[in-house]
Amino acid sequence: MDAQLGQLCELLGSLDKDTRKQAENHYVQYRATNLNQLLRSLLHMISTQPNPVSPPVKAMACILLRQLFDSNMQGGVHAARTIIDAAALQELRHGLVEAVTNEP
């Protein structure tokens, strides 16, 4: 899913409103059905060194990951905590520290 998610992140940054809206709908559907896998994929996209994704895609992955835990966003922290498994949260904690530590 990382390659497809990378393409989706690219489309989410599109200047074309229709393209972006389709990408948003697809992302919301994927988030609702595979949240744990989405977390792992986003974490992989931001932490892999050397990073196989472009800087705009990496930036969008960071934004999406942050929004998952933003209580002001629809589907944010309150909804997410109830369906994220403990292993994914632990992986996220360690992965974020590693990603920030290794960021050039």
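**Helix packing and core**

Reader: At what angle do H3 and H6 pack, and how far apart are their axes?
Author: The angle is about 10 degrees, and the axes of H3 and H6 lie 10 Å apart. Axes are lines fitted to C-alpha atoms, for helices over the stretch in contact, and angles run from 0 to 180 degrees between N-to-C directions. Helices (H or I, at least four residues) and strands (E, at least two) are DSSP runs, numbered from the N terminus.

Reader: What should I know about the model itself?
Author: It is predicted: local features need pLDDT of at least 70, side-chain atom pairs count only at pLDDT 80 or more, and totals for chains, interfaces and linings use all residues. Residues are numbered from 1 along each chain as its sequence is written, and side-chain values use heavy atoms, with hydrogens and water left out.

Reader: Back to the pair. Parallel or antiparallel, H3 and H6?
Author: H3 and H6 are therefore roughly parallel. The cut-offs: under 35 degrees is roughly parallel, over 145 roughly antiparallel, 65 to 115 roughly perpendicular, and the rest oblique.

Reader: Which residues of H3 and H6 meet?
Author: From H3, Asn36, Leu39, Arg40, Leu43, Ile46 and Ser47. From H6, Ala87, Ala88, Glu91, Leu92, Gly95, Leu96 and Ala99. By class, the contact of H3 with H6 has eight nonpolar, three polar and two charged residues. Contact means heavy atoms within 4.5 Å. Ala, Val, Leu, Ile, Met, Phe, Trp, Tyr, Cys and Pro count as nonpolar, Asp, Glu, Lys and Arg as charged, and the others, Gly among them, as polar.

Reader: Asn36, buried or exposed?
Author: Buried, with a relative accessible area of 17%. Buried means under 20%, exposed over 50%, partly exposed in between (1.4 Å probe, protein chains only). Asn36 sits in helix H3.

Reader: What does Asn36 touch, not counting residues up to four places away in sequence?
Author: Ile83, Ile84, Asp85 and Ala88.

Reader: And Val97, buried or exposed?
Author: Exposed, at 54% relative accessibility. Val97 lies in helix H6.

Reader: New pair. How do H2 and H3 pack?
Author: At about 115 degrees, with axes 5 Å apart. That makes H2 roughly perpendicular to H3. H2 brings Tyr27, Tyr30, Arg31 and Thr33 to the contact, and H3 brings Leu35, Gln37 and Leu38. The contact of H2 with H3 counts four nonpolar, two polar and one charged residues.

Reader: On to the largest nonpolar core. Which of its members touch the most others?
Author: Cys9, Leu38, Leu42 and Leu68, out of 23 residues. At least two residues come from each of H1 (2-12), H2 (17-33), H3 (35-47), H4 (55-68) and H6 (86-102). H3 gives the most, seven residues. A nonpolar core is a set of buried Ala, Val, Leu, Ile, Met, Phe, Trp, Tyr and Cys residues joined through side-chain atoms within 4.5 Å.

Reader: What does Leu38 touch, leaving out residues up to four places away?
Author: Leu5, Tyr27, Tyr30, Arg31 and Leu68.

Reader: How far is Leu64 from Leu38, C-alpha to C-alpha?
Author: 9.7 Å in space, and 26 residues in sequence. Leu64 lies in helix H4 and is buried, at 4% relative accessible area. Beyond its neighbours within four places, Leu64 contacts Cys9, Leu12, Tyr27 and Leu42.

Reader: Which element has the lowest mean pLDDT?
Author: Helix H5 (residues 77-83), at 56, while H2 has the highest, 91. The chain mean is 83, and 85% of residues reach 70 or more. pLDDT is the predictor's confidence in each residue, from 0 to 100.
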